[in-house]
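Let's walk through this structure together, one stretch at a time. Keep the sequence and the 3D view open as you read.

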Amino acid sequence: MRRSTAVIGSAAYFAAAAGTFAVLVPWLVTGWEFHRPWAFWVVGVLLIGAGTVPVVSVFVQFARGGGTPLPLAPTRRLVVSGFNRYVRNPVYLGSLLIFVGEALLFGSLRLLVYTAAGWAGAAVFVRWYEEPALTRRFGAEYEAYRRAVPAWRPRLRPWTGARAQV
């Protein structure tokens, strides 16, 4: 895939996914009604910001790698740079931070339930589709990465066992 196509594809996928899961669903659940106390707002905004960083970074890494995070338009090489050196699923973890932040910002228990359901769905998808597909596509390289980098709990130090590919 050409880099320009990868950039456009990644941007479109990011806009569609973020627009749906981080904007539309929370709006449908909360109507954007804020609740007190304001300290929850501060923590919520900080979590939203912290979660946005790895999500955007990973989309950029995939575009640089000539693909997208979307399974229908993957990179040719395994992307093991940036946040992917710390945890195998930085987009899902970043999204969880965003959703918890939104739950705090809007004071919504229903958004916390949505977050838990979203994580459960992501975990099932990763375990039963992504990991087998990546094993078939990248073989021993992915297996070494999988053994060294946790799926859900970030490493304290970046993994350097494979060449960082972007």
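## A walk along the helices

Start with helix 2: its 27 residues, at 1.5 Å a residue, should span 39 Å, and its end C-alpha atoms are 39 Å apart, which agrees. The expected span here is 1.5 Å times one less than the number of residues in the helix. As for the naming, helices (H or I, at least four residues) are DSSP runs, numbered from the N terminus.

Before going further, a word on what you are looking at. This is a predicted model, where local features need pLDDT of at least 70 and side-chain atom pairs count only at pLDDT 80 or more, while totals for chains, interfaces and linings use all residues. Residues are numbered from 1 along each chain as its sequence is written, and side-chain values use heavy atoms, with hydrogens and water left out.

Back to helix 2, and to which of its residues are hidden. Buried means under 20% relative accessible area, exposed over 50%, and partly exposed in between (1.4 Å probe, protein chains only). The buried residues of helix 2 include Gly-44, Gly-51, Pro-54, Val-55, Phe-59 and Phe-62. Leu-46 also sits in helix 2, but Leu-46 has a relative accessible area of 58%, so it counts as exposed. Arg-64 belongs to helix 2 as well, and at 43% relative accessible area Arg-64 is partly exposed. Look across from there to Ser-4: the C-alpha atoms of Arg-64 and Ser-4 are separated by 9.4 Å, though the two are 60 residues apart along the chain.

Most residues other than glycine have a negative phi. Trp-32 has a relative accessible area of 34%, so it is partly exposed.

Now for the inside. A nonpolar core is a set of buried Ala, Val, Leu, Ile, Met, Phe, Trp, Tyr and Cys residues joined through side-chain atoms within 4.5 Å. The largest one here has 14 residues, and those with the most contacts inside it are Val-55, Val-91, Ile-98, Phe-99 and Leu-111. Helix 2 (38–64), helix 3 (90–106) and helix 4 (109–138) each give two or more residues to this core, and helix 3 brings the largest share, six residues. Apart from this core lies another, of seven residues, including Leu-78, Tyr-142, Val-149 and Trp-159.

Zoom in on Leu-111. Not counting residues up to four places away in sequence, Leu-111 touches Pro-26, Val-29, Thr-30, Glu-102, Ala-103 and Phe-106. Contact here means heavy atoms within 4.5 Å.

What about charged pairs? Side chains of opposite charge can pair when their charged atoms come close. The structure holds three salt bridges, each a side-chain nitrogen of Lys or Arg within 4 Å of a carboxyl oxygen of Asp or Glu. In one of them, Arg-88 meets Glu-131 (2.7 Å, N to O). Arg-88 lies in the loop between helix 2 and helix 3 and Glu-131 in helix 4, so the pair ties together parts that are 43 residues apart in sequence. Both Arg-88 and Glu-131 are buried.

Glu-131 also pairs with Arg-146 (3.2 Å, N to O). With Arg-146 in helix 5 (residues 140–148) and Glu-131 in helix 4, this pair ties together parts that are 15 residues apart in sequence. Arg-146 is partly exposed, at 26% relative accessibility. Arg-146 meets Glu-143 too (3.8 Å, N to O); both lie in helix 5, three residues apart, about one turn of the helix. Through shared partners, salt bridges join Arg-88, Glu-131, Glu-143 and Arg-146 into one network.

End your walk at Asn-89, in the loop between helix 2 and helix 3. Asn-89 has a relative accessible area of 5%, so it is buried. Leaving aside neighbours within four places in sequence, Asn-89 is in contact with Val-126, Glu-130, Ala-151 and Trp-152.
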